[in-house]
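The sequence and structure are shown first.

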Amino acid sequence: MRSDEFYMHRALDQAHLAADAGEVPVGAVIVDAQGEIIGAGCNAPVASCDPSGHAEIRALRAAGKHQGNYRLEGCTLFVTLEPCMMCAGAMIHARLSRLVYGAAEPRAGMVESKANLLAQPWFNHQVEISAGVLGPESRKLLKAFFASRR
């Protein structure tokens with residue numbers, strides 16, 4: 001299996017696609033237990049007129065279709081920004097084994113910044129978390145995007 005950095009670079013590729021489309025540059029990929037990327041997504045809530053059009057949700061949908069099952073046990077989600085409440089909940093429902101993210105989201109991050117939704121004892125599934133992988137690159141992309149909007 002390749003390194004976390006390798007897969008996070010693939011998530012950053014997706015984030016660049018979002019930025020090129022005028023969306024907040026967040027990207028995600030889902031990797032199965034054998035190291036194959038089975039789903040990818042970039043932020044597209046504006047273009048899709050879909051409030052659930054976050055990179056993580058789009059990657060989960062693609063991976064579910066690839067697997068023929070919404071349960072993604074043994075899979076890892078790599079995303080450039082700490083997930084929100086909606087995306088964290090979807091990860092629990094998908095039974096992901098692991099989450100790897102880049103930049104913290106101090107305003108709405110529900111994995112470590114504002115709350116630790118994934119670690120609540122009442123959930124019947126726990127997701128392992130690795131934070132900060134290529135965090136500086138993810139933050140740089142987000143800062144550049146928002147600076148261009150001001």
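The model discussed here is predicted. Helix α3 spans residues 55-67, a run of 13 residues. From its first C-alpha to its last, α3 reaches 18 Å, close to the 18 Å expected at 1.5 Å a residue. Buried positions in α3 are A55, E56, I57, A59, L60, A63 and G64. An α-helix has 3.6 residues a turn, so residues three or four places apart point the same way. The buried residues of α3 pack against the strands β1 (27-31), β2 (37-42) and β3 (76-81), and also against α4 (85-94). After α3 comes G68, with a positive phi near 70°.

A search of the whole structure finds four aromatic pairs. Two of them are set out here.

| Pair | Centre to centre | Angle between planes | Geometry |
|---|---|---|---|
| F6 and Y7 | 5.2 Å | 85° | edge-to-face |
| W122 and F123 | 5.9 Å | 50° | tilted |

The planes of F6 and Y7 stand at 85°, which is over 60 degrees, so this pair counts as edge-to-face. F6 is partly exposed, with a relative accessible area of 26%, whereas Y7 is buried at 2%.

Two arginines accompany the ring of F6: R2 lies over its face, 4.4 Å from the ring centre, and the charged end of R10 sits over the ring at 4.5 Å from its centre.

How values were computed: Residues are numbered from 1 along each chain as its sequence is written. This is a predicted model: local features need pLDDT of at least 70, side-chain atom pairs count only at pLDDT 80 or more; totals for chains, interfaces and linings use all residues. Side-chain values use heavy atoms; hydrogens and water are left out. Helices (H or I, at least four residues) and strands (E, at least two) are DSSP runs, numbered from the N terminus. The expected span of a helix is 1.5 Å times one less than its number of residues. Buried means under 20% relative accessible area, exposed over 50%, partly exposed in between (1.4 Å probe, protein chains only). Contact means heavy atoms within 4.5 Å. Rings of Phe, Tyr and Trp (its six-membered ring) pair if their centres lie within 6.5 Å; planes under 30 degrees apart count as stacked, over 60 as edge-to-face and the rest as tilted. A charge sits over a ring if NZ of Lys or CZ of Arg is within 6 Å of the ring centre and within 35 degrees of the ring normal.
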